Amino acid sequence: MTDNRIDGSAEKGYWFAEVVEVEQLTPHMVRVTFGGDDVAEYTSIGVPDECITIFFARDGEDRPPAMTEVDGTWWYHEVEPMPEGRNYTVRRFDTDTGLLVIDFVAHEGGVAATWALNASVGQVVLWTRPRSWYNIPDSAEWQLLVADMTGLPALGRIVEELPAGAKAHAIVEVLERGDIQQFETAGDVTYDWRIGSGNGDCASVLDAAVREYVLPEGEGYVWFAAEAASSRIVRKYIRKEVGYPVRQFEIIGYWRVNSEQWLEKYKKYQEEALAVYNGALEAGRSETEASEEFDALLERVGL
Ligand SMILES: Cc1cc2nc3c(=O)[nH]c(=O)nc-3n(C[C@H](O)[C@H](O)[C@H](O)COP(=O)(O)OP(=O)(O)OC[C@H]3O[C@@H](n4cnc5c(N)ncnc54)[C@H](O)[C@@H]3O)c2cc1C
């Protein structure tokens with residue numbers, strides 16, 4: 001195993017990680033286990049949708065470059081070209097073995113998805129500090145968990161970490177029957193597997209499935225992780241039609257159909273959209289509310 005550590009790396013905002021095992025988990029999901037001295041020092045934030053941004057080696061290099069710190073922020077400051085980075089869920093981190101597991105949806109096309117298709121032992125990536133969104137209020141009596149294949153790793157971890165008797169209903173969209181996964185849980189969980197739609201193959205049925213689901217009585221919490229356009233429809237439904245306050249849901253776009261074209265157009269509105277987002281935060285609104293204002297602006301310009 002290569003020693004990836006750089007002096008003082010425990011305090012750094014990034015970790016180098018080496019692939020130690022690759023497993024075809026289901027037909028469209030590749031499970032990659034990472035190890036190495038840096039990974040052994042990883043500190044989990046202990047929230048089930050814990051997400052890290054993974055950076056991949058640039059063409060012709062065997063690992064991504066290290067990050068540097070400027071004004072307290074670890075990043076690729078003035079590194080050109082910047083390595084490609086994508087968000088992934090920490091499916092599992094074992095402090096005893098120092099191994100960290102990520103489940104990648106693997107397909108041709110994207111940088112990360114293609115990397116996963118070809119992942120092999122010994123490859124080195126780098127990742128940044130973890131973040132999370134799932135935050136169920138103590139007063140919630142049930143939860144609705146909705147995901148496509150990209151959200152399935154986080155959904156699996158949420159289900160596995162449910163406290164005894166916690167009530168949850170999961171709506172999951174997978175590409176084929178073989179992509180269905182089973183999770184051990186102390187919770188009381190029901191499943192609605194939707195097979196053969198969404199996931200970049202064709203239109204998602206998740207928004208319709210959420211609408212079909214009759215929300216139980218009592219205070220609920222909705223967590224959603226799938227394609228960005230369907231997340232926008234579901235957020236509007238939960239916010240405007242169901243009328244939930246922001247603390248009762250977390251609805252996140254995990255990826256975007258035709259992201260290249262979207263990004264090209266987004267560049268034109270990025271400054272304005274970020275000003276709206278930061279303005280909302282400065283005015284004391286929550287991160288969710290600021291995201292809604294950001295999203296409303298993008299929708300107005302057809303993004
Ligand atoms: C918080 C968070 C956690 C995430 N956790 C995971 C995880 O654990 N596992 C996981 O697999 N993904 C996860 N994702 C999603 C992952 O970051 C995206 O799918 C990412 O876009 C993949 O990057 P890429 O380079 O392969 O494709 P991109 O460069 O983003 O896209 C290239 C092209 O591929 C297509 N494409 C992108 N993603 C998909 C897809 N999933 N299915 C079909 N077509 C696609 C797009 O249409 C696009 O045109 C997470 C995202 C977030 C925000």
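Two strands are taken to pair if DSSP finds at least two bridges between them, and helices (H or I, at least four residues) and strands (E, at least two) are DSSP runs numbered from the N terminus. The model is predicted, so local features need pLDDT of at least 70 and side-chain atom pairs count only at pLDDT 80 or more, whereas totals for chains, interfaces and linings use all residues. Residues are numbered from 1 along each chain as its sequence is written, and side-chain values use heavy atoms, with hydrogens and water left out.

**View 1. The antiparallel sheet and the pairing of E3 with E9.** Strand E3 (residues 51-55) and strand E9 (residues 124-128) pair in the antiparallel sense over 2 bridges, and Ile54 has Trp127 in E9 as its bridge partner. The two strands belong to an open sheet of 7 strands with antiparallel pairing, in the order E6-E3-E9-E1-E2-E8-E7. Strand E6 (85-89) and strand E7 (92-94) stand at the edges with a single partner strand each, so one side of each is left without a neighbour in the sheet. From one strand to the next the twist averages 35°, where axes are lines fitted to C-alpha atoms (for helices over the stretch in contact) and angles run from 0 to 180 degrees between N-to-C directions.

View 2. Val32 lies in strand E2 (residues 29-35) and is buried, with a relative accessible area of 0%; buried means under 20% relative accessible area, exposed over 50% and partly exposed in between (1.4 Å probe, protein chains only). Leaving aside neighbours within four places in sequence, the residues in contact with Val32 (heavy atoms within 4.5 Å) include Val19, Leu100, Phe104 and Trp115. Ile102 is another contact of Val32, and the two residues are 70 residues apart in sequence but 5.4 Å apart in space, C-alpha to C-alpha.

View 3. An open sheet of 5 strands has parallel pairing and the order E12-E11-E10-E13-E14. E12 and strand E14 (249-255) stand at its edges, each with a single partner strand, so one side of each is left without a neighbour in the sheet. The twist here averages 10° from one strand to the next. E10 and E13 run parallel and are joined by 6 bridges, with Ala147 standing opposite Ala225 in E13. Helix H5 (residues 228-242) lies across E13 and E14, running at about 165° to E14.

**View 4. The largest nonpolar core.** A nonpolar core is a set of buried Ala, Val, Leu, Ile, Met, Phe, Trp, Tyr and Cys residues joined through side-chain atoms within 4.5 Å. The largest has 26 residues, and those with the most contacts inside it include Tyr134, Leu145, Leu162 and Trp223. Helix H3 (152-160) is among the elements giving two or more residues to this core, and H3 supplies its largest share, 5 residues. Domain 1 (9-128) and domain 2 (142-255) both give residues to the core, so it lies between them; domain bounds come from an automatic or database domain assignment.

**View 5. Ser197 in its loop.** Ser197 is placed in the loop between E12 and helix H4 (206-212) and is buried, with a relative accessible area of 8%. The side chains of Ser197 and Glu173 are joined by a polar contact of 2.6 Å, a polar contact being a pair of N or O atoms within 3.5 Å; within protein, one must be able to donate a hydrogen and the other to accept it, and residues adjacent in sequence count only if both atoms are side-chain atoms.
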